[in-house]
Amino acid sequence: MIGQSSMSSELVQRCTQAQAEGADFPTVWHTVLKGHDLVGGIPRQRFDGSRTLLEIPLVTGYCVVYDAETREFRLEFSPA
């Protein structure tokens, strides 16, 4: 599992890099996430207080979370 966790972190880094190069979320979804082997589903909307977040489930048990307000990607554990 350590390898998968590392690969999940690398995927978040690729998302962050694409965004730093000017990509918006839809572009990151289509070019980085959508066809990746670790991605286990489509983005789901989640609310955290007044914030709207997008969660992309991964087959590793983690999810990539995108916060549109802060324009940040992060990795979170998603308990089953």
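Residues are numbered from 1 along each chain as its sequence is written. In this predicted model, local features need pLDDT of at least 70 and side-chain atom pairs count only at pLDDT 80 or more, whereas totals for chains, interfaces and linings use all residues; side-chain values use heavy atoms, with hydrogens and water left out.

View 1. Beyond residues up to four places away in sequence, S8 touches L38, L58, T60 and L75 (contact means heavy atoms within 4.5 Å).

**View 2. T60 in the loop between β2 and β3.** The loop holding T60 runs between β2 (51-57) and β3 (62-67). T60 is buried, at 9% relative accessible area. A polar atom of the T60 side chain lies 3.4 Å from the backbone nitrogen of Y62. Neighbours within four places aside, T60 contacts Q4, S8 and L38.

**View 3. The ring cluster of F25, Y66 and F73.** Ring pairs link these three residues (rings of Phe, Tyr and Trp, the last by its six-membered ring, pair if their centres lie within 6.5 Å; planes under 30 degrees apart are stacked, over 60 edge-to-face, the rest tilted). F25 and F73 are stacked because their ring centres are 6.3 Å apart and their planes at 25°. F25 lies in helix α2 (residues 25-33) and F73 in strand β4 (residues 72-77), so the pair ties together parts 48 residues apart in sequence. F25 is buried at 12%, and F73 at 8% relative accessible area. The rings of Y66 and F73, with centres 4.6 Å apart and planes at 40°, form a tilted pair.

Methods:
Helix = DSSP H or I, 4+ residues; strand = E, 2+ residues; numbered from the N terminus. Buried < 20%, exposed > 50% of the residue type's maximum accessible area, 1.4 Å probe, protein only. Polar contact = N/O pair within 3.5 Å; in protein donor to acceptor, adjacent residues only side chain to side chain.
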